[in-house]
Amino acid sequence: MFILPEGEQLTPEKMSKFIQQHEIECTRYTRLKNMYDGKHPILVQAAKPAYKPDNRLVVNFAKYITDTYNGFFMGNPVKVLHVNDVVAAFLQFLNRYNNQDDNNAELSKMCSIYGHAFELLYLDENSNVGIAPLSPQNCFLIYDESIVGNPIYGVHYYKNTKGHIEGTFSDDEEITHFRDDAGEIRLLHKKPQRFCAVPIIEYVENAERIGAFESVETLINAYNKALSEKANDVDYYADAYLSILGAALDEKTLAELRNSRIINIEGEIGNSDKITVEFLSKPESDGTQENLINRLEQLIFQISLVANIGDEDFGGSSGVSLRYKLQGMSNLGMTKERKFTASMINRYKTIANIPSSPLAGEWQNITYKFTRNVPANLLEESTIAANLWGIVSEETLYQNVISAVDDVKTELRRIAEARESGSGQYVRALKKLNGEEAK
């Protein structure tokens with residue numbers, strides 16, 4: 001985190017130091033992004049001598065962990081709900097206008113790769129609120145020294161075609177454009193912004209800002225090395241050496257042996273009882289290597305807390321057994337959900353500051369529903385819904401029990417219309433739920 005002491009202004013000199021510090025941190029971001037992209041350290045290690053096999057195998061656990069976890073956490077889009085129809089309609093417009101389901105998924109993925117990510121709020125040419133995810137590789141926040149750690153500046157920068165830094169920084173009133181000229185930051189121009197708060201919001205994976213696979217990064221590298229060495233051993237065995245002791249063979253004879261693959265040197269050379277012809281065998285370490293590879297794979301999933309859904313026993317699990325297998329990811333998901341919810345609250349609180357926004361005074365009443373992406377048992381859900389019918393409201397049933405319903409309000413409206421029209425199908429289903437005899 002970047003801190004600016006209270007009472008100090010963000011001068012060009014201080015901005016230059018912050019950017020230098022951020023570029024140092026970017027080396028970590030680049031390393032983590034390379035891991036996710038499959039550009040692992042084993043691919044750039046020192047080459048072995050030409051006569052030795054040099055396999056470099058990459059098993060991309062980093063991508064597997066990130067994609068599996070985020071499919072579990074954000075595979076089902078977050079539902080942003082409000083009881084007021086006007087506010088609910090505005091939230092739905094924001095979601096569709098900005099393709100926010102995809103933005104949320106990208107934010108979640110970047111958090112799992114880098115440990116955190118950012119979101120930019122802006123007003124576009126149509127005066128509508130725009131929302132865009134930003135990578136921490138070119139964005140950071142500057143916080144105050146308070147216990148809460150309030151953001152006071154949001155910085156977004158990039159390198160232009162000439163390799164010079166350009167960007168903007170925003171406080172709660174203005175957006176300032178700057179450029180790096182000959183190693184010095186120069187302020188170019190300012191313009192007001194209408195959010196009355198820093199329009200860049202941080203999303204974090206956890207309080208430590210550690211990515212989903214960062215804790216097992218060394219294990220992944222060790223797995224790649226162990227598997228590559230095992231492949232090297234296979235090549236060693238395939239390229240075995242033939243040992244002929246007690247006979248001196250010329251180049252022509254050696255060539256004939258290689259081409260005909262027949263060994264017959266008795267009579268031509270003599271003293272055959274003193275000649276030994278055999279292949280040199282390398283000590284076998286297959287069992288040790290397999291144990292190491294299996295142990296590393298087990299530790300990778302155990303430490304990262306992400307389930308190995310490719311395991312052959314995973315698909316046959318059901319009920320309580322499946323919940324236990326997903327317990328680790330569920331615990332991670334609950335932590336990330338709390339962090340994600342706090343940032344989403346900040347998102348809509350900031351949007352509420354715009355005079356034309358219907359969220360003013362209503363952003364506190366927005367509810368956020370995260371649904372884990374696990375195989376749904378509709379039969380089990382319908383049984384639970386039948387048992388809860390009449391005990392809780394229909395809205396609660398459709399919102400918290402029946403996963404097949406995406407838009408609760410639309411579904412309730414359809415049900416109300418069916419009731420008014422006396423739809424036979426709905427009446428029979430209602431009587432069945434109430435234990436009445438269907439006519």
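Trainee: Does Lys336 count as buried or exposed, judging by its relative accessibility?

Mentor: Lys336 counts as buried, because its relative accessibility is 0% and the cut-off for buried is under 20%. Keep in mind that this is a predicted model.

Start with the partner of this lysine. Lys336 forms a salt bridge with Glu205, and the closest N and O atoms of the two are 2.9 Å apart. Lys336 belongs to helix H9, while Glu205 sits in the loop between E10 and helix H5 (217–238), so the pair ties together parts that are 131 residues apart in sequence. Glu205 also counts as buried, at 6% relative accessibility.

Helix H9 (327–351) has a part in a pocket as well. The second largest pocket holds about 680 Å³ of space. Its lining is made up of 24 residues, and those closest to the centre are Tyr143, Gly149, Asn150, Pro151 and Asn346. At least two lining residues come from each of strand E5 (139–143), strand E10 (200–204) and helix H9. H9 gives the largest share, seven residues. Sorted by class, the lining of this pocket has 12 nonpolar, seven polar and five charged residues.

Next, a second salt bridge, which involves Glu202. The side chains of Glu202 and Arg209 meet at 2.9 Å, N to O. Glu202 is buried, since its relative accessible area is 12%. Arg209, at 21% relative accessibility, counts as partly exposed.

Lys230 is buried, with a relative accessible area of 14%, whereas Glu290 is partly exposed, with a relative accessible area of 29%.

Some salt bridges share partners, and in this way Glu25, Arg28, Arg31, Glu214 and Glu217 are joined into one network. The count for the whole model comes to 20 salt bridges.

H1 has a kink of about 25°, centred on Glu25. Arg28, another member of the network, is one of the buried residues of H1. Others among them are Met15, Phe18, Ile19, His22, Tyr29, Leu32 and Tyr36. As a general point, an α-helix has 3.6 residues a turn, so residues three or four places apart point the same way. After H1 comes Gly38, with a positive phi near 90°.

Two further residues stand out by their backbone angle. Most residues other than glycine have a negative phi. Ser127 is not a glycine, yet its phi is positive, about 65°. Ser127 lies in the loop between strand E3 (116–123) and strand E4 (129–134), and it is exposed, with a relative accessible area of 54%. Cys196, also a residue other than glycine, has a positive phi near 55°. Cys196 is placed in the loop between strand E9 (184–192) and E10.

How values were computed:
Residues are numbered from 1 along each chain as its sequence is written. This is a predicted model: local features need pLDDT of at least 70, side-chain atom pairs count only at pLDDT 80 or more; totals for chains, interfaces and linings use all residues. Side-chain values use heavy atoms; hydrogens and water are left out. On a 1 Å grid over the protein atoms alone, a cavity is a set of points where a 1.4 Å probe fits but cannot get out, and a pocket is an open set with protein on both sides within 12 Å along at least five of seven lines; lining residues have an atom within 4 Å of a point. Grid points are joined across faces, edges and corners, and a volume is the space filled by probe spheres set on the points. Helices (H or I, at least four residues) and strands (E, at least two) are DSSP runs, numbered from the N terminus. Ala, Val, Leu, Ile, Met, Phe, Trp, Tyr, Cys and Pro count as nonpolar, Asp, Glu, Lys and Arg as charged, and the others, Gly among them, as polar. A salt bridge is a side-chain nitrogen of Lys or Arg within 4 Å of a carboxyl oxygen of Asp or Glu. Buried means under 20% relative accessible area, exposed over 50%, partly exposed in between (1.4 Å probe, protein chains only). The bend at a residue is the angle between axes fitted to the seven residues ending there and the seven starting there.
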